[in-house]
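Take a look at the model below. Then read on for a short tour of its parts.

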Amino acid sequence: MVQIVLRPTNSLKEWTLVEYQGELNSRLGNGFCGNKIGDLHFNSKGDPIMIIGHHILYGKVKKLEKPFAVLVKNKDSEMDQREYLIKAVIMNKLIFSLRPKPIIIHVPKKV
Amino acid sequence: MCDTDILSDIKDVRARLELAKLDIRDLKQPTQVLTFDEDANDQDVTLLELDKSVLQVIQNGGSLVIRGNEDDTAVLCTDDSTFSLKRAVTSNSLILVPDCTTNKDDLHDTIDDEISLLYRSAVGWKSDYLEMQRIHPQTSRLLSLLQQSYYKGPQFEEEQAGKCFTLSELMNEIQASEVEVMTFLCKINSCCIEGKWRLLDFGYIVECMGELLQLIECESWSCGRVPFVEAVEKINDSGELVPSFILKHLLGSYGFQVDSDEDVVCYQLDETKICRFFAEMLLRDVSKFNLKEFLEVWKSSVPSGMVADEKYLLGLALIDKTSNPHTVKLFKVDQLPIDMQQRFNSLFTVKEKWTYEQIEPYIEDICVKGQTVSAMLTKHARSSTMDGVKYFSTRKPITT
């Protein structure tokens, strides 16, 4: 029987999940790597607001009903013993489920 | 990153805020700038959605094990629980950010319109994750493995051809947690003989219990106080009839150790277990027994001082009061399927209408945490009332 061990690392971290409705598309069409996503603000009520490209997204902080464990393959484990490390848990997420609002740039009229 | 870059970034953030017409006085600081790492990807990380009990295990430093053969679906085990694993897909994008402030209490108000920045990395993204759901462990497979090699006594061991298993060999065959396997081994009165877990052949149990009960009667011992060492000596005084470790196992299976003065190890026989043993012995080799006759024989066969009550038959035998004469037959819960729906199917195939008291012992063994027998009945059965008594029957249509 295959037995794969999931082992928590000594210092278990807590990560955050940022969730967007639908797919996040890269403006430049060159994928995500190294690219900026956007500015993350919080208003006085504690709700997150993001400015991504030419859009504003309004979101909420949600405590996950079922937290996530973040698993990473352990490259140092022995050949015949497959092992994953539990690097972090995710207890909360920022969820942006409302439709992004476009930012309209007004070009000032010439006087 | 040098100061001029940060200042330039702050300028850009402020400009974007102005274009977006967001009032900076309503925002907290620092502002966080999210950027994907150079090597961000969706392959390096797997997300596993956790049952709350599993979160606790991880937070306490405990490991989890995924078990499965090639053709099995994988299960996830903690020390004492088993979960099914399934891949779930979402149409949303899940971005993974290791360091992120999400609580406004960790931020401060914007003072004098001043913006400060924190740069946050996104290490990856996912659109799928693994879901877990608590399930009953594969105890039916465990039972069939042990049934390959019933123990019939030391004299038959040489010709024992079936495979015998140690605990770790069993753990390698069963998709379950160790605690659940041990609990089941105890429940079915499995005996550890020379490191291997064995079921005792029922005929052999009958012989050994026969010796024990006969001795108890001869010596006029109370069933509440059976002295272990003396029993072993007397049973085996003209040659070994019942090995000491077997007698100990049987006294533990059908009774329990009691405190006794004088440092003598004593056992008390449990009325429920002994009566059920006798019932099984009587019903084993017949397909059906006349109920009235059975009750007479059963009541007179149990040791003096014990009363064979019909309630001891719950979960062991089925009484049919629809036939004339009434009958009773052996119907043991451990032979039944562990899947809930299949369990209900087999119960209703054998008997059309059940009272709660009758069906409960045949359902509660496969309820996992969070499930109750009542909830399962609501889900899988239909109830009806007749002469003031509530009955449960199948939800499925009756095919003629």
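The axis of a helix is a line fitted to C-alpha atoms over the stretch in contact, and the angle between two helices runs from 0 to 180 degrees between their N-to-C directions. Keep that in mind for the helix pairs. Note too that this is a predicted model.

Start with helix H6 (residues 202–218) and helix H8 (residues 244–253) of chain B. Their axes lie 11 Å apart, and the packing angle is about 90°. That angle makes H6(B) roughly perpendicular to H8(B), because values from 65 to 115 degrees fall in that class.

Which residues of H6(B) meet H8(B)? They are Tyr204(B), Ile205(B), Cys208(B), Met209(B) and Leu212(B). On the H8(B) side, the partners are Ile246(B), Leu247(B), Leu250(B) and Leu251(B). By class, this contact of H6(B) with H8(B) holds nine nonpolar residues, no polar ones and no charged ones.

## An oblique pair: H9 and H10

Next come helix H9 (residues 271–283) and helix H10 (residues 291–301) of chain B. They pack at about 135°, with 10 Å between their axes. H9(B) and H10(B) are therefore oblique to each other. Their crossing is right-handed.

H9(B) brings Cys275(B), Phe278(B), Ala279(B), Leu282(B) and Leu283(B) to the contact. H10(B) brings Phe294(B), Val297(B), Trp298(B) and Ser301(B). Sorted by class, the residues of this contact of H9(B) with H10(B) are eight nonpolar, one polar and no charged.

## Another oblique pair: H3 and H5

Helix H3 (residues 139–146) and helix H5 (residues 178–187) of chain B pack at an angle of about 55°. Their axes are 11 Å apart. The angle makes H3(B) oblique to H5(B). The crossing of H3(B) and H5(B) is right-handed.

From H3(B), the contact takes in Thr139(B), Leu142(B), Leu143(B) and Leu146(B). From H5(B), it takes in Val181(B), Phe184(B) and Leu185(B). The contact of H3(B) with H5(B) has six nonpolar residues, one polar residue and no charged residues.

## Domains of chain B

Into which domains is chain B divided? Domain 1 covers 3–65 + 80–131, and domain 2 covers 140–198. Domain 3 covers 202–269, and domain 4 covers 336–400. The C-alpha centres of domain 1 of chain B and domain 2 of chain B lie 50 Å apart.

## Backbone exceptions in chain B

Now for the backbone. Most residues other than glycine have a negative phi, and most peptide bonds are trans.

Look at two prolines. The peptide bond from Gln29(B) to Pro30(B) is cis, with omega near 0°. Pro30(B) sits in the loop between strand E1 (28–29) and strand E2 (31–41) of chain B. Asn324(B) and Pro325(B) are also joined by a cis peptide bond, with omega about 5°. Pro325(B) lies in the loop between strand E15 (317–320) and strand E16 (327–330) of chain B.

Now look at two residues with positive phi. Glu194(B) has a phi near 50°. Its place is the loop between strand E9 (191–193) and strand E10 (196–198) of chain B. Is Glu194(B) buried or exposed? It counts as exposed, because its relative accessibility is 80% and the cut-off for exposed is over 50%. Asp387(B) has a phi near 55°. Asp387(B) is in the loop between strand E17 (381–386) and strand E18 (389–394) of chain B. At 76% relative accessibility, Asp387(B) counts as exposed.

## A closer look at Asp51

Asp51(B) is in the loop between strand E3 (45–49) and helix H2 (52–59) of chain B. With a relative accessible area of 26%, Asp51(B) is partly exposed.

What does Asp51(B) touch, leaving aside its neighbours within four places in sequence? Asp51(B) is in contact with Phe83(B) and Met132(B). Ile338(B) is 287 residues away from Asp51(B) along the chain. The C-alpha atoms of Asp51(B) and Ile338(B) are separated by 22 Å.

## Chain A

Chain A has zero helices and seven strands. From the N terminus on, its elements run β-β-β-β-β-β-β.

How much of chain A is buried? Buried residues make up 47% of the 111 residues in chain A. Consider next the contacts in chain A with a separation of 6 or more. Residues 24 or more positions apart account for 62% of them.

Methods:
Residues numbered from 1 in each chain as written. Chains lettered and ligands numbered in written order. Predicted model: local features only at pLDDT ≥ 70, side-chain atom pairs only at ≥ 80, totals over all residues. Heavy atoms only, no water. Domains from an automatic or database assignment. Helix = DSSP H or I, 4+ residues; strand = E, 2+ residues; numbered from the N terminus. Parallel < 35°, antiparallel > 145°, perpendicular 65-115°, else oblique. Left-handed = near helix turned anticlockwise from the far one by under 90°. Contact = heavy atoms within 4.5 Å. Nonpolar A, V, L, I, M, F, W, Y, C, P; charged D, E, K, R; others polar. Buried < 20%, exposed > 50% of the residue type's maximum accessible area, 1.4 Å probe, protein only.
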